[in-house]
Amino acid sequence: MTMLQGFQIALHALRLNPLRSFLTMLGIVIGVASIVTVFAIGAGAQLRLQEQIRSIGANVLMIMPGAVYQGGVRLKEGTKLTMTESDVQAILEQIPEIQAAAGSIAGTAQVIHESKNWNTTINGTTTGHFMVRDWQLASGRYFSSVEEAAAGKVVILGSTVARELFAPGDDPIGAQIRIMKVPLEVVGVLDPKGPSQDDVAFVPLTTAKLRFLGSASNINRDSVAYIIAKVAADGQMAGARSEIESLLRQRHRVAAGQEDDFKVQDPAAAMEAQQGAIRTVALLLVAIASVSLLVGGISIMNVMIVSVTERTREIGIRRALGGRMRDIRLQFLCEALVLCLLGGAIGVLAGVTLSMTVARMAGWITSIDSEAIGLALAFSIATGLIFGFYPAHKASKLSPIEALKTE
């Protein structure tokens, strides 16, 4: 008997008891669907993190305000802005590993162009910000030194803001928009960096302080909310970080043994660690989902043993008509494989549907990986071979004479 004939006989046998066949393969369906879904959601989460890492830029350090003491009371981190523009200048001048640095402040506001409006992040910064983040222009130019010094009424739009305010085919460069009733000229539009990064409008730091964000109680003429700095080479990250910490402790007069009033972070390293954690959790969930395959395999083995018992006389007739032991073994092994393959196929469809539904409802990114689908199907096939072998072997060992005596 050939493999094709074995599959044909198996399909015919399974059609005789469709409900039992479906219930038997249910464990395989659940296991495969779980594996595909977990892989899709995990891969989507890793893709989002990779996008965020790329959007930050290479070799970037971020200096954030830390906790400060006021009247002997420790304030919440970020309550008081401890970074200044002069800190940015000192980092650029005194730390040779730093290629570029920029201070920023940010808030949200309504951006208006003619009849269209859009609520977005307003980021006050300098041209160094775009150098640090390797953020290129799709059109237009960056801020000039005169505009940065004189609080020029100019703005650079992220691609999302440009798309929301201007019709397709319209050139935003030179157009007038309004932010908090202040008219600004669009001088540049940035290349896309990712959905979470492109919804922003950049204005000169001095413009943001004087016209938009300077009214906050914790912002003065020289302060910035955070600083980003670009290190020349990846191997210099640790040294540059240590030098920045020493320089800022000296500039901020932080006494020995006292906690820093700032934090120097490597966002890419933190995200890569988070990516590793996501990968670990995904593998753990896959291991848990594999239990369903194990349960499904045991169910298949039990049902196949029952099937062998019910069809003992049929096996005896096949043997009496010249059927070989390997033909009987192949017949029942094919039945187990067909159950697992059908269950695997249904599980893949269910997993893809479930992952897409979860992504749509929760707003997550999912990535359907062909390797994950192949792995899930390979697991289901292996389950069929492992748990179907014993019933098939048992059937092939039946004595034709004793089998024919069975009622």
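Trainee: Where is the place of Asp134?
Mentor: Residues are numbered from 1 along each chain as its sequence is written, while helices (DSSP runs of H or I, at least four residues) and strands (E, at least two) are numbered from the N terminus. This is a predicted model, where local features need pLDDT of at least 70, side-chain atom pairs count only at pLDDT 80 or more, and totals for chains, interfaces and linings use all residues; side-chain values use heavy atoms, with hydrogens and water left out. With that settled, look for Asp134 in the loop between H4 and E7.

Trainee: What phi does Asp134 have?
Mentor: Most residues other than glycine have a negative phi. Asp134 is not a glycine, yet its phi is positive, at about 50°.

Trainee: Is Asp134 buried, exposed or partly exposed?
Mentor: Buried means under 20% relative accessible area, exposed means over 50%, and partly exposed is in between (1.4 Å probe, protein chains only). Asp134 has a relative accessible area of 37%, so the word for it is partly exposed.

Trainee: Where does Met180 lie?
Mentor: Here's another residue with a positive phi of about 50° that isn't a glycine. Met180 has a relative accessible area of 45%, so it counts as partly exposed. Its spot in the chain is the loop between strand E9 (176-179) and strand E10 (182-190).

Trainee: How are the rings of Trp135 and Phe202 arranged?
Mentor: The structure holds four aromatic pairs. Rings of Phe, Tyr and Trp (its six-membered ring) pair if their centres lie within 6.5 Å, and planes under 30 degrees apart are stacked, over 60 edge-to-face, the rest tilted. The centres of Trp135 and Phe202 are 5.7 Å apart and the planes sit at 85°, so the arrangement is edge-to-face.

Trainee: How many residues apart are Trp135 and Phe202?
Mentor: Trp135 is in the loop between helix H4 (128-132) and strand E7 (137-140), and Phe202 is in strand E11 (residues 200-204). Trp135 is buried because its relative accessible area is 1%, and Phe202 counts as buried at 1% too. The pair links distant parts of the chain, with a separation of 67 residues.

Trainee: Which residues make the nonpolar surface patch of about 540 Å²?
Mentor: Such a patch takes residues with over 30% relative accessible area and no salt bridge, joining like charges within 9 Å and nonpolar side chains (Val, Leu, Ile, Met, Phe, Trp, Tyr) within 5 Å. Areas come from the Shrake-Rupley method with a 1.4 Å probe, and for residues only the protein chains shown count as cover. Helix H2 (residues 18-56) gives the most to this patch, with five residues. The members are Leu19, Phe22, Leu23, Leu26, Ile30 and Ile346.

Trainee: How far apart in space are Ala43 and Ser367?
Mentor: Ala43 is found in helix H2 and is partly exposed, with a relative accessible area of 22%. In sequence, Ala43 and Ser367 are 324 residues apart, but C-alpha to C-alpha the distance is 5.6 Å.

Trainee: What is the N to O distance in the salt bridge of Glu85 and Lys209?
Mentor: Side chains of opposite charge can pair when their charged atoms come close. A salt bridge is a side-chain nitrogen of Lys or Arg within 4 Å of a carboxyl oxygen of Asp or Glu, and the count comes to six. For Glu85 and Lys209, the distance is 2.6 Å.

Trainee: How many residues apart in sequence are the parts that Glu85 and Lys209 tie together?
Mentor: Glu85 is partly exposed at 28% relative accessible area, whereas Lys209 counts as buried at 10%. Glu85 lies in helix H3 (residues 85-94) and Lys209 in helix H8 (residues 205-213), so the separation of these parts is 124 residues.

Trainee: Which residue does Arg251 form a salt bridge with?
Mentor: Arg251 sits in helix H9 (residues 237-251), with its partner in helix H3, 164 residues apart. The closest N and O atoms are 2.6 Å apart, and the partner is Asp87.
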